[in-house]
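Reader: I am new to this model and would like a close look at one part of it. Please take the aromatic rings and go through them step by step.

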Amino acid sequence: MTDDEHRFTEMYDACRQRVWAFAVSRAGRQIADEVVSETFAIAWRRLDDVPEPPLPWLLGVARNVLRDNFRTEARRESFNAELRIWTDGAEGDIAEHVAERLSVLRAMAALPEDDREVLILVAWQGLTPRDAARVVGCSPTALRVRLHRARKRLIQAIDDNPPARAVHPRVRIAGEVAGKEMS
């Protein structure tokens, strides 16, 4: 066992329970194990940065992991709630354009979060790729590549679940009546 492995093992054995207790007090038992794992993974990657005593530093890392998890979950829930509002509101409408819109929204919901973000910034927010790149924190060229790939995945998701061709009952009945009259 190397010195780093020995130091990490001692730190883990001495602090794991307290980091876990901190995570439980902030987020509950279901999330605590995940937070402890992520905290010690960060500690291993940054072992040279871990001061003595390590507990305060580890609790700070655990706090940041929890904060990041809460932010990610809040963004995901907010976006999914918005999509549900849009799709639930469109469920009762039978116009073809609404069915197509519903298909696009469902396809968007199925995309990874990074793809949705790029598509929303450019298509819905109207940002140029240069401005969207600033928001995302990458180069304009990288954003164009991400946008191209996100568009391809969106088209594929739409093709995998094409919109149902909704026909209003009156139109269907009128078509049936017209068909009978013509025969």
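**The aromatic rings**

Author: Searching the whole structure gives four aromatic pairs (rings of Phe, Tyr and Trp, the last by its six-membered ring, with centres within 6.5 Å; planes under 30 degrees apart are stacked, over 60 edge-to-face, the rest tilted). The model is predicted, so local features need pLDDT of at least 70 and side-chain atom pairs count only at pLDDT 80 or more, while totals for chains, interfaces and linings use all residues. Residues are numbered from 1 along each chain as its sequence is written, and side-chain values use heavy atoms, leaving out hydrogens and water.

One of the pairs is Phe8 with Tyr12: the ring centres are 6.3 Å apart and the planes meet at 25 degrees, so this pair is stacked. Helix α1 (residues 3-27) holds both Phe8 and Tyr12, which sit four residues apart, about one turn of the helix (a helix is a DSSP run of H or I, at least four residues, numbered from the N terminus). Phe8 has a relative accessible area of 16% and is therefore buried, whereas Tyr12, at 30%, is partly exposed (buried is under 20%, exposed over 50%, partly exposed in between, with a 1.4 Å probe and protein chains only).

Phe8 also pairs with Trp44, this time edge-to-face, with 5.2 Å from centre to centre and 75 degrees between the planes. This pair connects distant parts of the chain, since Phe8 is in helix α1 and Trp44 is in helix α2 (residues 29-45), 36 residues apart. Trp44 has a relative accessible area of 40%, so Trp44 is partly exposed.

Taken together, ring pairs join Phe8, Tyr12, Phe40 and Trp44 into a cluster.

Methods
Helices (H or I, at least four residues) and strands (E, at least two) are DSSP runs, numbered from the N terminus.
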